[in-house]
Amino acid sequence: MHVVMFGDQHLATMGGAQVSMRLQQQFLERAGHTVTVVAPALHGRARQRLIGGVDAFVDLPSIPITPDREYALTWPGRRADRFVDAALAKRPPVDIVHVQGDFWGAFIGHRFAARHGLPVVHTMHNRVDVGIEATTPFPKLVLGALNWWQQRAAAGPLRMPGRDGWTYLRRFAELADAVTAPSSHFARRLEENGVLPGGKRAARRSVDVVWNGIDDDILDEVLATAEDEREPGPPRFVWLGRMSPEKRLLPFLEAVAESGVVADVVVVGGGQQLRAAQRIVEERKPAASVSFVGRLSYPETLRTIRRADAVVQTSIGFETQGMTIFEAASLGTPSIVSDPDLARELGSGLWQVADDADAAADVAALAEALRRAAADVEAGTAPEPDAAIRERFRQSSRTAAMVDVYDRVRS
């Protein structure tokens with residue numbers, strides 16, 4: 001089977017969707033399938049991180065859209081259509097189109113599928129409305145512009161009224177023969193808001209849940225080389241992610257200071273709020289030792305999670321899966337979880353932060369959860385994650401589940 005994936009960004013750039021697509025590509029190829037990834041061409045430092053052979057990629061003409069030239073845009077239109085058609089004409093016949101973008105990658109992918117009469121699976125990676133509200137100064141204006149652009153750039157009957165994020169996702173779903181989501185809670189939200197497959201080959205009007213997975217080999221390697229006994233010392237907490245408002249790193253650091261816990265806190269990642277985060281630590285002088293280690297490789301990130309006593313997840317209403325807490329559960333590490341949807345999805349092996357809409361009360365609730373976690377770690381009574389998650393989360397099992405979806409829409 002030849003699967004063509006369309007994404008908004010090249011797989012050598014940073015991002016959860018890119019990590020997921022990269023693993024899907026590798027494990028589909030291991031299973032004997034051919035995979036081509038269509039995405040904007042790389043610029044700047046991202047060129048140096050190209051992973052795998054270039055034969056797996058169709059690099060679209062693009063322009064950089066961020067100051068560091070990490071991310072790029074390809075304008076959807078006839079020029080991009082001709083480029084994709086010419087590139088894929090030199091490859092084996094396409095069996096399935098898998099759209100894994102929310103913007104230009106989705107437009108280009110659906111246009112390609114419509115031109116060639118191919119079945120489409122669309123994976124919804126993002127809550128578009130929440131993401132835009134968290135990252136842009138005028139979210140309603142941006143959503144209005146996106147909806148306008150979508151109805152002109154994507155293929156098919158998209159004259160569905162509406163200017164909000166759910167309408168935007170509904171239009172893509174109407175063109176898809178299957179819609180998948182990386183978690184049960186996000187699938188439920190999609191279905192509640194009418195984001196359902198409406199393509200000609202859609203066998204059912206529901207969303208398939210296919211988790212993003214973890215690399216089997218790296219998981220086994222980390223587990224094999226990890227110490228069975230906990231190293232002596234204070235509780236070790238790790239926070240991982242992009243340092244942007246929706247991830248809520250700053251409230252976490254305020255809570256660390258307010259909690260008074262004596263712990264080792266490691267912050268992994270980078271982003272626009274790094275200096276603000278460092279300033280909180282400098283000014284509040286928490287009892288905990290806080291270190292900022294920057295971005296780590298995937299294997300080193302997993303080793304850091306394995307050595308920790310808890311992974312701290314602080315975003316609320318933004319994550320469509322919450323990869324870090326499932327990676328933690330796979331490695332036997334419990335989590336402190338702020339988002340009630342993610343807590344329900346994880347099920348066990350966690351300390352849940354009390355849900356409170358008030359910002360000040362939320363910091364206090366997170367501080368209390370840190371105190372509870374530290375006390376349990378020191379007493380040797382930390383909750384244990386569900387051991388079954390480890391096998392369910394392996395990428396090999398996730399790839400098999402996605403192939404079942406492919407086979408259903410092809411038939």
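**View 1. E246 is a buried residue with a salt-bridge partner.** E246 has a relative accessible area of 7% and is buried (buried means under 20% relative accessible area, exposed over 50%, and partly exposed in between, with a 1.4 Å probe and protein chains only). Its partner in a salt bridge is R242, with the closest N and O atoms 2.6 Å apart; a salt bridge here is a side-chain nitrogen of Lys or Arg within 4 Å of a carboxyl oxygen of Asp or Glu. R242 is partly exposed, at 42% relative accessibility. This is a predicted model, in which local features need pLDDT of at least 70 and side-chain atom pairs count only at pLDDT 80 or more, while totals for chains, interfaces and linings use all residues. Residues are numbered from 1 along each chain as its sequence is written, and side-chain values use heavy atoms, leaving out hydrogens and water.

**View 2. R201 and D177 join distant parts of the chain.** The closest N and O atoms of this salt bridge are 3.9 Å apart. R201 sits in the loop between helix 7 and strand 9, and D177 in the loop between helix 6 (165-175) and strand 8, 24 residues apart. Helices (H or I, at least four residues) and strands (E, at least two) are DSSP runs, numbered from the N terminus. D177 is buried at 4% relative accessible area, whereas R201 is partly exposed at 36%.

View 3. E192 and R188 both belong to helix 7, four residues apart, about one turn of the helix. Their side chains meet at 3.8 Å, N to O. E192 is exposed at 57% relative accessibility, and R188 is partly exposed at 37%. Both also take part in a salt-bridge network with R189, D341 and R344.

View 4. Strand 13 (residues 310-313) and strand 14 (residues 335-337) pair over three bridges; look for Q313, whose bridge partner is V337.

Methods: Pairing = 2+ DSSP bridges.
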